[in-house]
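Here is a short report for a first look at this structure. Please keep the sequence and the 3D view at hand while reading.

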Protein chains: 2
Amino acid sequence: MEKIVNEILKAPKVIVLRHIMADPDAIGSQYGLAQLVIEQGQAKQVLIAGDVPSTLKELPPFRNSSLSLSEKLLTESDFEKATVVILDTSTINRVDFGPLDFSVLNKAQKVIKIDHHPVGLDTHGQPKDNYPKHTIRYQDTSASSTSEIISNLFEVNTYDISLMSLPISQYLYTGILGDTGKFSYAISPRTFNTVANLIRGFDMKDFTEINHAMSTTTLEEAKMKGYCYDKMVVDDDTANIIISREDLNKHNWPADDMARFVNLLGTVQGITKWMMCVQEEDLSWRISLRSTEIIVNDLAEEYGGGGHPTASGILLPANSNNMTIIQEIKEKLISKQ
Amino acid sequence: MEKIVNEILKAPKVIVLRHIMADPDAIGSQYGLAQLVIEQGQAKQVLIAGDVPSTLKELPPFRNSSLSLSEKLLTESDFEKATVVILDTSTINRVDFGPLDFSVLNKAQKVIKIDHHPVGLDTHGQPKDNYPKHTIRYQDTSASSTSEIISNLFEVNTYDISLMSLPISQYLYTGILGDTGKFSYAISPRTFNTVANLIRGFDMKDFTEINHAMSTTTLEEAKMKGYCYDKMVVDDDTANIIISREDLNKHNWPADDMARFVNLLGTVQGITKWMMCVQEEDLSWRISLRSTEIIVNDLAEEYGGGGHPTASGILLPANSNNMTIIQEIKEKLISKQ
């Protein structure tokens with residue numbers, strides 16, 4: 001643990017990367033570590049890369065970040081003699097290298113992986129993550145988030161809390177918030193102690209404003225939510241919602257955006273399984289099956305779909321018979337135990 | 001601090017009370033303390049009282065509570081020689097005595113008040129809370145909740161975590177959740193350290209199920225939410241929703257239930273002030289004005305209403321002219337800075 005911290009703090013050049021389709025933990029841990037190295041490390045150059053989704057660009061700690069202003073596309077030469085730290089990314093193909101690919105890691109001096117996702121082992125007991133051979137790994141699947149790991153790794157070094165600046169605390173706090181659904185799941189006593197240490201000594205407003213920002217939605221999203229609540233149908237412990245192309249066209253809503261609200265159906269009391277059916281532009285239907293506990297992916301597989309036991313999906317290509325099939329799946333889900 | 005704990009743990013008879021219109025912190029701290037005394041105190045009799053709202057009766061830690069099963073209406077004689085602990089209740093008139101009133105406190109041996117609400121002082125420097133003269137007070141307005149105070153008071157005594165049973169931890173955890181809006185506001189480093197101590201040693205499922213339960217709504221509430229999202233109108237940074245008797249009758253929704261969703265309007269990005277107008281059965285209009293920061297109670301006062309700077313209300317008695325007045329208030333709120 002201390003070895004990794006020293007490797008990072010003493011490196012002359014540090015690049016911090018994370019996964020594609022970034023979420024708050026990916027960016028929070030990346031910005032947090034980069035800022036830690038800038039403030040406490042010996043590196044003359046600290047670089048970050050990766051696309052930031054527009055919704056995250058608006059979050060308070062990222063919105064005014066000096067790091068996001070200094071962002072640029074990395075080139076191959078940036079990787080020369082660099083210590084590359086890759087965060088929150090279980091397999092190498094999910095690293096956001098910008099226009100580059102993982103072959104640039106050959107130019108790096110060292111590659112360090114820090115992550116909380118589980119990774120399978122191959123027959124030689126090596127992690128099946130396709131990282132370069134000499135990668136130094138710090139993996140802790142008991143942590144809520146990579147931001148929690150980064151906080152813990154550096155807590156020793158920043159025992160004097162005045163050494164940890166507000167931006168660092170805010171970045172890491174946001175990452176923990178993101179991966180725990182605002183302290184709803186994946187929590188542990190360590191999560192709460194870590195947060196206590198992160199926020200100590202600062203004005204609580206600097207953190208409650210992040211909480212508030214993560215609870216707000218755009219007016220458009222609010223209207224979509226309202227539509228889902230209004231249209232959902234409940235049979236006993238099963239909820240379903242069927243949203244046709246006509247419905248979506250009427251409001252000019254993209255099918256993808258609507259599908260994001262699938263878990264809204266699970267927030268209604270007594271609902272233990274639910275399905276959302278959304279018709280795509282090509283008139284195919286995307287069906288999402290969810291449950292709190294019972295297995296639903298066997299039902300998905302029955303119709304050519306698949307996924308996780310409690311979160312799976314089916315794609316029905318455009319066909320005049322689809323509404324009959326949807327009714328059939330619905331009935332099977334209702335009677336499923 | 002230790003004195004209060006000893007007073008409670010050594011008392012031969014303990015009654016734990018809290019405020020009317022109970023919320024999760026009132027019940028969480030009450031049940032938590034009562035269970036602590038049962039498990040660790042010397043009392044032969046531990047009594048609680050107060051009405052529990054039906055929505056809270058369904059929450060996991062209260063639903064299966066052995067305490068709720070033993071509840072009964074207290075009589076005057078119950079108070080004889082009792083140590084009465086009153087939690088989370090700033091002034092005596094808000095204590096839930098059931099069918100009794102505060103005069104029964106004359107029969108008590110001791111009255112102890114534990115609370116996190118601020119109380120003004122009279123000209124003699126005495127708290128203006130109308131509690132009996134010899135009340136022993138423990139007040140800490142820096143605590144998120146009374147449940148946080150109870151946790152901290154007893155942490156010393158239960159340093160060996162195995163002494164704190166799961167129900168106690170769950171009760172107090174639920175109270176903290178309630179008064180912080182699931183760790184959204186009123187938080188401090190102490191809040192998070194307290195939670196870490198409460199949940200340590202237990203299965204996290206016993207707490208995440210409470211998180212989940214506090215995020216769910218009934219189908220009826222979900223439909224009401226959907227209706228609010230759908231009907232809300234946004235002008236720049238101001239949102240408004242006007243719900244007539246006709247609208248409510250159509251869905252058979254009580255005006256009171258709808259008014260609970262006023263803060264939903266504040267969760268839309270960019271909204272800094274909002275108003276909800278709901279028509280009561282007697283055709284009067286109840287208007288709620290809210291803001292994130294700017295003062296709105298001056299506008300409320302202009303129309304005979306009042307309240308807090310950022311949360312105030314107006315009542316317009318039935319009158320054919322009311323829609324004009326509502327439009328007027330709406331315009332004033334929009335242009336307010």
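## Terms and model

Helices and strands are DSSP runs, numbered from the N terminus. A helix needs at least four residues and a strand at least two. The model is predicted.

## Two positive phi angles

Start with A:Lys81. Its place is the loop between α5 (66–69) and β3 (83–87) of chain A. Phi of A:Lys81 is near 60°, a positive value in a residue that is not glycine. Is A:Lys81 buried or exposed? A:Lys81 is exposed, because its relative accessible area is 64% and exposed means over 50%.

Now turn to chain B. B:Asp236 sits in the loop between β6 (233–235) and β7 (238–243) of chain B. B:Asp236 is not a glycine, yet its phi is positive, at about 55°. With a relative accessibility of 72%, B:Asp236 counts as exposed.

## Where the chains meet

In chain A, 36 residues are in contact with 36 residues of chain B. The area buried between chain A and chain B is about 3200 Å². Carbon and sulfur atoms give 61% of that area.

How many salt bridges does the rule find across the interface of chain A and chain B? The rule finds 0. Polar contacts between chain A and chain B come to 18 residue pairs, both residues at pLDDT 80 or more.

## The chain A side

On the side of chain A that touches chain B, the elements giving two or more residues are α8 (189–199), α9 (205–215) and α10 (219–231). α10(A) gives the most, with 8 residues. The residues of this side divide into 16 nonpolar, 14 polar and 6 charged.

Definitions and conventions
Residues numbered from 1 in each chain as written. Chains lettered and ligands numbered in written order. Predicted model: local features only at pLDDT ≥ 70, side-chain atom pairs only at ≥ 80, totals over all residues. Heavy atoms only, no water. Buried < 20%, exposed > 50% of the residue type's maximum accessible area, 1.4 Å probe, protein only. Contact = heavy atoms within 4.5 Å. Buried area = accessible area lost by both parts, 1.4 Å probe. Salt bridge = Lys/Arg side-chain N within 4 Å of Asp/Glu carboxyl O. Polar contact = N/O pair within 3.5 Å; in protein donor to acceptor, adjacent residues only side chain to side chain. Nonpolar A, V, L, I, M, F, W, Y, C, P; charged D, E, K, R; others polar.
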